[in-house]
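Here is a predicted model to talk through.

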Amino acid sequence: MSDELQTRLGYEFKRFNDLRHAITHSSFVHEQKLNQSASNERLEFLGDAVLELCISDFLYHRYPDMSEGDLTKCRASLVCETSLAGIARNLKLGNFLLLGQGEAQEGGRNKESILADALESILGAIYLDGGIEEVRHVITRLFEPIAEKSIKQVKDHKSTLQEYLQKSSHETATYIIIHEEGPPHKRTFTAQTTHQGKVLGTGSGGSKKAAEQAAAKMALEGLGITL
C-alpha cells in the first residue's frame with residue numbers, strides 16, 4: 001500500500017518511516033499505547049507552514065497582476081480544510097491512514113478534518129525527506145488543477161472588467177461617484193464606470209468601493225461576461 005500512495009503522490013520517500021509517521025493518527029497511537037510523538041500532529045504543524053509558503057510562492061509567480069487582497073483570498077481558498085480534504089480524497093488517502101478502531105468505525109477515513117490534517121502531515125514529511133523543492137513540485141502538481149477555479153471565485157468585478165478591457169485597449173475604466181444619499185451613518189453611494197467616454201455601468205452600494213463594484217458588475221453583464 002505504501003508504494004501505491006507514493007505513486008499517487010508522485011514522490012518516493014527515501015525514509016519510509018517519514019511517510020508512516022505522516023499517516024499515523026493520534027487515535028491509533030492511543031489504542032496502541034505508543035508515545036504521543038508517534039502521531040502525525042507535529043508533522044501537520046510543519047506541513048501547514050510549508051503549504052502556505054509554497055502556495056503563496058505559486059500564486060505570486062503564476063499570477064503577477066493579481067492584487068495582494070486577491071492573492072490572500074485565493075490562498076485561503078486553496079488551503080482551507082475543504083480543499084485539502086478534496087485533494088486527499090482524490091489521492092484516496094483515507095485508505096492508507098493508520099486509525100484507531102473506534103475512529104475508523106466512526107467514519108474517520110472520510111472525515112474532512114482528519115483527511116486535511118493528514119495531507120498537511122504528508123507535505124511536512126516530504127519537506128523533511130526531500131527538501132523544499134521536492135515538496136514544492138508535489139504541491140504544485142496537486143493544487144494546480146483547482147487553482148484556476150479558486151481564482152475565478154475570488155476575482156472582483158473591477159479586476160475582471162479591467163482585464164477584459166485591456167485585451168483591446170490600453171485605457172483603463174474610470175469610476176466616479178455620481179450620487180450620495182441617506183443619513184451619515186447609512187449612506188448610499190451610486191457609482192458610474194466609463195471607458196473611452198462611454199458609460200458601461202451604474203451601481204449603488206453602502207460604500208464607495210461597493211458602489212464601484214456594483215457598477216463594474218453591471219458593465220460586465222452588459223458585455224455578456226459573468227464571474
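Q: How do you know whether Cys80 is bonded to another cysteine through its sulfur?
A: In this predicted model, the closest cysteine sulfur to that of Cys80 belongs to Cys74 and is 11 Å away. A disulfide needs the two sulfur atoms within 2.5 Å, so 11 Å is too far for a bond.

Q: What makes Cys80 count as buried, partly exposed or exposed?
A: Its relative accessibility is 30%. Buried would need a value under 20% and exposed one over 50%, so Cys80 is called partly exposed.

Q: What about Cys54: how far is its sulfur from the closest cysteine sulfur?
A: The distance is 15 Å, again to Cys74. Against the 2.5 Å cut-off, that is too far for a bond. A search of the whole structure turns up 0 disulfides.

Q: Why is Cys54 called buried?
A: Because its relative accessibility is 2%, and the label applies under 20%.

Q: Is Asp18 buried or exposed, and how do you know?
A: Asp18 has a relative accessible area of 16%; the limit is 20%, so Asp18 is buried. This residue sits in helix H2, residues 16-22. Beyond its neighbours within four places in sequence, Asp18 is in contact with Phe13, Leu43, Ala125 and Asp129.

Q: How do you know whether the span of helix H8 agrees with its number of residues?
A: Helix H8 covers residues 112-130, which is 19 residues. At 1.5 Å a residue they should span 27 Å, and the end C-alpha atoms are 27 Å apart, so the two agree. After H8 comes Gly131, with a positive phi near 95°.

How values were computed
Residues are numbered from 1 along each chain as its sequence is written. This is a predicted model: local features need pLDDT of at least 70, side-chain atom pairs count only at pLDDT 80 or more; totals for chains, interfaces and linings use all residues. Side-chain values use heavy atoms; hydrogens and water are left out. Helices (H or I, at least four residues) and strands (E, at least two) are DSSP runs, numbered from the N terminus. Buried means under 20% relative accessible area, exposed over 50%, partly exposed in between (1.4 Å probe, protein chains only). Contact means heavy atoms within 4.5 Å. The expected span of a helix is 1.5 Å times one less than its number of residues.
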